[in-house]
Amino acid sequence: MIGYFRRNHFTPVPEVESLAELNELVDQWDLHDGHRRIGSRPRTVDEYFAVEQPLLMPLPEEPFETGRLFTPRVDHRLAA
């Protein structure tokens, strides 16, 4: 679904004034895509998710770092 969503909503890159505006668009696209049927499948995306959701594991209680912050230094000895 991520590839489908990216190809259909972020190509070409949407032009927005703010991150809030982009988040609003993503919410609208997500609601719309939930009513979509994939091919000739009998259920919508939302209906399939409703079946899958109770089987998903809960998110961890403790927060975890999803990225790393690096502070590189330039050294004159490394110049080519």
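Q: Where does Pro12 lie in this one?
A: Pro12 sits in the loop between H1 and H2. Keep in mind that this is a predicted model.

Q: Which residue does a cis peptide bond join to Pro12?
A: Thr11. The bond between Thr11 and Pro12 is cis, with omega at about -5°.

Q: And what are most peptide bonds, cis or trans?
A: Most peptide bonds are trans.

Q: OK, step back. How many helices and strands are there in the protein chain?
A: The protein chain has 3 helices and 0 strands. From the N terminus on, the order of elements is α-α-α.

Q: At what angle do H1 and H2 pack?
A: About 120°. Helix H1 covers residues 2-9, and helix H2 covers residues 19-34. Their axes are 12 Å apart.

Q: Is the crossing of H1 and H2 left-handed or right-handed?
A: The crossing is right-handed.

Q: Which residues make the contact?
A: From H1, Tyr4, Phe5 and His9. From H2, Val26, Trp29, Asp30 and Asp33.

Q: How do the residues of that contact divide into nonpolar, polar and charged?
A: The contact of H1 with H2 has 4 nonpolar residues, 1 polar and 2 charged.

Q: Switching to Leu31. Which helix does Leu31 lie in?
A: Helix H2.

Q: Buried or exposed?
A: Leu31 is exposed, because its relative accessible area is 60% and the cut-off for exposed is over 50%.

Q: How many residues apart in sequence are Leu31 and Phe49?
A: They are 18 residues apart in sequence. In space, Leu31 and Phe49 are 13 Å apart, C-alpha to C-alpha.

Q: Now Val45. Where is Val45 found?
A: In helix H3, which runs over residues 45-52.

Q: Is Val45 buried or exposed?
A: Val45 is buried, since its relative accessible area of 18% is under the 20% cut-off.

Q: What does Val45 touch?
A: Leaving out residues up to four places away in sequence, Val45 touches Met1, Asp33, Gly34, Arg36 and Ile38.

Q: Overall shape, then. What radius of gyration does the protein chain have?
A: 20 Å. A compact globule of 80 residues would be near 12 Å. The C-alpha trace spans about 65 × 35 × 25 Å along its principal axes.

Q: What share of the 80 residues count as buried?
A: 11%. Val45 is one that is buried.

Q: And what share of contacts join residues at least 24 apart?
A: 26%, among contacts between residues at least 6 apart in sequence.

Note on methods: Residues numbered from 1 in each chain as written. Predicted model: local features only at pLDDT ≥ 70, side-chain atom pairs only at ≥ 80, totals over all residues. Heavy atoms only, no water. Axes fitted to C-alpha atoms, helices over the stretch in contact; angles between N-to-C directions. Helix = DSSP H or I, 4+ residues; strand = E, 2+ residues; numbered from the N terminus. Left-handed = near helix turned anticlockwise from the far one by under 90°. Contact = heavy atoms within 4.5 Å. Nonpolar A, V, L, I, M, F, W, Y, C, P; charged D, E, K, R; others polar. Rg over C-alpha atoms; globule rule 2.2 N^0.38 Å. Buried < 20%, exposed > 50% of the residue type's maximum accessible area, 1.4 Å probe, protein only.
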